[in-house]
Amino acid sequence: MCRNCDFTIHAAQHHFGWDNSFAPVLRTEPGRTIAFECKDASAGQLTAQSTVGDVATLDFGLINPVTGPVFVEGAEPGDILKVSIHDFTPSGFGWTANIPGFGLLADQFPDPALKIWSYDPDSMVPALFSDQASVPLKPFAGTIGVALAEPGLHSIVPPRRVGGNMDIRDLTAGTELYLPVEVAGALFSIGDGHAAQGDGEVCGTAIESPMNLTLTLDLIKQTPLETPRFTTPGPVTRHLDAAGYEVTTGIGPDLMQGAKDALSRMIDLLGRQHGLSAMDAYMLCSVAGDLRISAIVDMPNWIVSFYFPRIVFA
């Protein structure tokens with residue numbers, strides 16, 4: 001899979017949740033480059049032949065498998081695990097779903113929905129959402145982290161101080177991620193491939209896509225780090241900037257309500273401008289639009305903005 005890799009970890013070597021008692025699938029010294037094969041967020045429950053009925057029957061015990069864990073020799077609590085992300089090899093298949101009870105506007109969208117995507121994994125040209133909309137692709141891993149110090153099994157769903165399901169779209173090729181180590185060996189795992197996602201992943205899913213990736217794991221000894229940080233190699237939004245943005249806002253004393261209001265207004269705007277159903281607009285916002293805090297100092301009201309790239313309809 002990777003000519004310049006020291007090891008390959010196959011998709012069958014995965015786990016669900018975080019538990020520092022999981023046996024490592026690989027022990028390696030720092031500085032080695034590893035290829036990972038990663039399943040999609042449904043662990044294969046959703047396929048190119050799936051229908052919306054399959055969303056309602058998803059087994060949530062199998063959500064967000066991560067490949068690993070990898071034991072890094074010499075890693076100790078108080079160290080930093082440096083993760084240098086080199087490249088991604090997407091599969092060409094993906095899905096976006098509205099899962100009842102999940103997502104920023106779960107109360108407004110109680111019904112399941114499913115969009116199956118097919119894209120060219122070689123050219124990575126924008127993926128077609130419909131005959132009038134296509135989404136620029138930017139593959140990354142939504143879930144990437146190390147084991148917690150606390151014993152027992154911890155859910156994979158929420159992000160944590162050691163990383164996990166962070167869904168940060170800029171953790172892509174060329175990025176260097178720094179994770180705080182809490183247990184011997186760090187026990188690093190990665191998965192939840194996304195072919196594209198907006199900041200916020202507002203409906204709860206991106207273009208969920210199985211993919212392979214390569215990265216290098218290294219150590220920075222005894223350096224305090226409370227939560228993950230990362231460095232990008234250059235601009236992070238240029239691939240969406242060319243045609244500008246449509247922007248809606250939510251204004252008030254509650255940031256969460258502001259986020260919901262800004263998103264709801266964008267869904268309404270896309271419906272008026274392009275004839276999209278509310279559900280299609282909601283899912284399209286999740287894979288291509290960005291939530292941003294625009295003002296947070298002028299009490300008592302804050303501003304949350306939702307940016308939708310006009311290039312999607314260019």
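## Salt bridges across the chain

In this predicted model, E73 forms a salt bridge with R27, and the closest N and O atoms of the pair are 3.2 Å apart. The pair links distant parts of the chain, since E73 sits in the loop between β5 (66–72) and β6 (80–90) and R27 in strand β3 (residues 26–28), 46 residues apart. A salt bridge is taken here as a side-chain nitrogen of Lys or Arg within 4 Å of a carboxyl oxygen of Asp or Glu, while helices (H or I, at least four residues) and strands (E, at least two) are DSSP runs numbered from the N terminus. With a relative accessible area of 33%, E73 is partly exposed; buried means under 20% relative accessible area, exposed over 50%, and partly exposed in between, with a 1.4 Å probe and protein chains only. Residues are numbered from 1 along each chain as its sequence is written, and side-chain values use heavy atoms, with hydrogens and water left out. Because the model is predicted, local features need pLDDT of at least 70 and side-chain atom pairs count only at pLDDT 80 or more, whereas totals for chains, interfaces and linings use all residues.

The loop between β5 and β6 also holds E76, which pairs with K221 in the loop between β16 (211–220) and β17 (229–231), so the pair ties together parts that are 145 residues apart in sequence. The closest N and O atoms of K221 and E76 are 3.2 Å apart. K221 counts as partly exposed at 42% relative accessibility, and E76 is partly exposed with a relative accessible area of 42%. A further salt bridge joins E150 to R161, with the closest N and O atoms 2.8 Å apart. Here E150 is in the loop between β11 (140–145) and β12 (159–160) and R161 in the loop between β12 and β13 (163–165), eleven residues apart. E150 counts as partly exposed at 35% relative accessibility, and R161 counts as partly exposed at 33%. By the rule given above, the count comes to twelve salt bridges, and K138, R169, D170, D199 and D290 are linked in a network of them.

## The largest pocket

The largest pocket has a volume of about 580 Å³. It is lined by 27 residues, of which F102, N165, D167, E201 and G204 are the closest to its centre. β15 (186–194) and α3 (255–274) each supply at least two residues of this lining. The lining of the largest pocket divides into 16 nonpolar, seven polar and four charged residues, where Ala, Val, Leu, Ile, Met, Phe, Trp, Tyr, Cys and Pro count as nonpolar, Asp, Glu, Lys and Arg as charged, and the others, Gly among them, as polar.

On a 1 Å grid over the protein atoms alone, a pocket is an open set of points with protein on both sides within 12 Å along at least five of seven lines, a cavity is a set of points where a 1.4 Å probe fits but cannot get out, and lining residues have an atom within 4 Å of a point. Grid points are joined across faces, edges and corners, and a volume is the space filled by probe spheres set on the points.

## Enclosed cavities

By this rule there are two cavities of 30 Å³ or more, and about 70 Å³ of space lies in the largest cavity. Its lining is made by V135, P136, K138, R169, A196, Q197, H239, L240, V287 and A288, which divide into six nonpolar, two polar and two charged residues. K138 and R169, which line this cavity, also belong to the salt-bridge network described above. Two helices, α2 (238–241) and α4 (278–288), each supply at least two residues of the lining of the largest cavity.

The second largest cavity has a volume of about 40 Å³ and is lined by H15, W18, D19, F22, P69, A147, L187 and S189. These lining residues divide into five nonpolar, two polar and one charged.

## Helix α4 and buried positions

α4 is mostly covered, with nine of its eleven residues buried. The buried residues are M279, A281, Y282, M283, L284, C285, S286, V287 and A288, and V287 and A288 are among the residues that line the largest cavity.

In strand β6, S84 counts as buried at 16% relative accessibility. The C-alpha atoms of S84 and K39, 45 residues apart along the chain, are separated by 20 Å.

## A nonpolar surface patch

I293, I296 and V297 make a nonpolar surface patch of about 300 Å². Patches are made of residues with over 30% relative accessible area and no salt bridge, with like charges joined within 9 Å and nonpolar side chains (Val, Leu, Ile, Met, Phe, Trp, Tyr) within 5 Å; accessible areas come from the Shrake-Rupley method with a 1.4 Å probe, and for residues only the protein chains shown count as cover. V297 is found in the loop between β19 (290–295) and β20 (302–309), and at 65% relative accessibility V297 counts as exposed.
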